[in-house]
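Hi,

Here is the structure I promised to pass on to you. Have a look at it first, and then read on for what I found.

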Amino acid sequence: MSAADQQGGRPGGLPVLLPFALPKDDAAARLRPTHSWLLTGLALVALPAWAQGGAASLSPLEVVIKWAPLLLTGFAFNVAISLMAMAIGTVAGIGLGLAMLAEGRILPRLAWCTTQVFRNVPWLVLLFFVMFLVPFQITVFGIPVPLPDWLKATFGFSLPVMANVAEIVRGAVRSVPNTQWEAAESLAFTRRQTLWRIILPQCAKRMLPPWMNVYSLIAMATVQASIVGVTEMLTLTAQVHAAEGGRPELFAPLYGFALLCFFLYCYPIDRFTAALERRFETR
Amino acid sequence: MTRATLAATPSPSWTADQPIVRVSDVHKSFGSFEVLKGISFDVRKGEVVCIIGPSGSGKSTLIRCINALVPVTAGSIQVEGIDVTDPRLDKLALRRKVGMVFQQYNLFPHKTALQNVMMAPIHVLGQDRREVESRARALLAKVRLAGKENAYPGELSGGQQQRVAIARSLAMRPDVMLFDEVTAALDPETVKEVLVTIRELAEEGMTCMLVTHEMNFARDVADHIYFTDRGVIVEHGPPETFFASARDERTRRFLSQVL
């Protein structure tokens, strides 16, 4: 699922962190084969605006084509943030979910409260908290480690992922019939062995569709990072718009382009999730 | 719960001439509802005991108390001298000695028949995989499922699944086997194959406790029959006398309904 690889311009690292320079090869030529129909769609959006614009400046379509490589680099950055947030959030969420299922009194309650808090607050508020409470640099063993904005945003997004994944894990484990626990218990399996060897393998399948759902949501939510100043696609779109003189007729094509990118990325994930759900249902 | 403690739990006080299972004055309540109201009996090594009685009479609860799946409210249960009702009970040590087969088979659906049988000896007892595998294959052959080693539970009939479940329990080499209405969920034509397996087990000298509705089977294989109703043992005896001359009115009524 690596749109980053297909669209990310330069390989390796996070290109958007580098100072911006227009790619040397012809952007339009590079885009045309894969994105022609997409651009046709954009042209339809842009046409009325262009009609008003006059011939002196670039047409909206030309503007989009001209800036597409930069905007796509920004989009690749959104994808990268979402993937990292998902990875961190999934690992933390599995831990939190298992903590909710643990024996004892304190740990499950603590985990439950954590889950509820991070599940029931706006993601943007969480993002603000992380952005403004986490310092821009931390010191580990005397070495200063910078924490750039995009990294903090990634942490910010991984918090709701964690809470949602925790809830998915808990729900899936609870959905396994109690008789499986009994059977394992009567065979002298410990609770931990039962969970890891018998219960979790059975519900991994059940967890996949809701987990992908969370990913789809987080991928779309990454644009919120623009509000806290992370240079992702939406930020770049605004900057491009300003660079082109802030012409009103460019609003629709430029933001339409961002819209299309996200749609084309998330829609297949959504369809795939639905297909998986159907498949698991019939079994 | 290390393997070392498991291995170090022979019960010094118990010898084979004493009852292998001792149930004394066991009470069990769920909330305010008392399911067991003072049950006492002994099972000797190699004995086959059937517990019969109407639904809701506490039979399943009783058998679950014996391997500590259900904690008792009062009274005591000893298995090979291990006090099951002791709060510090080493449950794993107990469950190594007591195998259990359930009404709904409860096989692990993501594992093949062979893997179902192999899992506990490998992961709980830490036995050698190759040795366990050959034993598991032999056990599956014994329950007449040779050739089904790689089938998943979903691909097997109820009777076949139940026989895998029996093999899975036997793989732990228990001293006592508990059967909780193991044929109740089966199609009539597959009941027999499961009963044949249990009978063979009994004939080999395995101590068996069965909760069952199969009266003819109970008459055939049991050494002793207990009839429970509303949480007490109403009547008991060897099958010959039990079926021929039940004294209690409740027993007679029950037998006339099921026979």
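In this predicted model, the largest nonpolar core has 145 residues, and the members that touch the most others in it are Leu71(A), Ile51(B), Val79(B) and Val117(B). Helix α3 of chain A, residues 60–100, gives this core its largest share, 21 residues. As background, nonpolar side chains tend to be buried together in soluble globular proteins.

Leaving out residues up to four places away in sequence, Ile51(B) touches Lys59(B), Leu62(B), Ile63(B), Met209(B), Leu210(B), Val211(B), Tyr226(B) and Thr228(B). Its bridge partner in β8(B) is Val211(B). The strands β3 (residues 48–52) and β8 (residues 207–211) of chain B run parallel and are joined by four bridges.

Now zoom out to the sheet. In what order do the six strands of this open sheet in chain B lie? The order is β6-β7-β8-β3-β9-β10, and the pairing is mixed. At the edges stand β6 (98–101) and β10 (232–237) of chain B; each has a single partner strand, so one side of each is left without a neighbour in the sheet. On average, neighbouring strands are turned by 20 degrees against each other, direction ignored.

Helix α7 (residues 188–203) of chain B lies across β3, β7 and β8 of chain B and runs at about 145 degrees to β8(B).

Then there is α2 of chain B, residues 59–66. Why is this helix largely enclosed by the rest of the structure? Seven of its eight residues are buried, so the rest of the structure largely encloses it. The buried ones are Lys59(B), Thr61(B), Leu62(B), Ile63(B), Arg64(B), Cys65(B) and Ile66(B). Among these, Lys59(B), Leu62(B) and Ile63(B) are also touched by Ile51(B). Just after α2(B), Ala68(B) takes a positive phi of about 65 degrees.

Finally, the place where the two chains meet: 15 residues of chain A are in contact with 18 residues of chain B. On the chain A side, the elements that give two or more residues are α7 (178–186) and α8 (191–221) of chain A, and α7(A) gives the most, with six residues. By class, that side has six nonpolar, six polar and three charged residues.

Enjoy exploring!

Conventions. Residues are numbered from 1 along each chain as its sequence is written. Chains are lettered from A and ligands numbered from 1 in the order in which they are written. This is a predicted model: local features need pLDDT of at least 70, side-chain atom pairs count only at pLDDT 80 or more; totals for chains, interfaces and linings use all residues. A nonpolar core is a set of buried Ala, Val, Leu, Ile, Met, Phe, Trp, Tyr and Cys residues joined through C-beta atoms within 7 Å. A residue is buried if 20 or more other C-beta atoms lie within 10 Å of its own, exposed if 12 or fewer, and partly exposed in between; C-beta atoms are placed from the backbone. Two residues are in contact if their C-beta atoms, placed from the backbone, lie within 7 Å. Ala, Val, Leu, Ile, Met, Phe, Trp, Tyr, Cys and Pro count as nonpolar, Asp, Glu, Lys and Arg as charged, and the others, Gly among them, as polar. Two strands pair if DSSP finds at least two bridges between them. Axes are lines fitted to C-alpha atoms, for helices over the stretch in contact, and angles run from 0 to 180 degrees between N-to-C directions.
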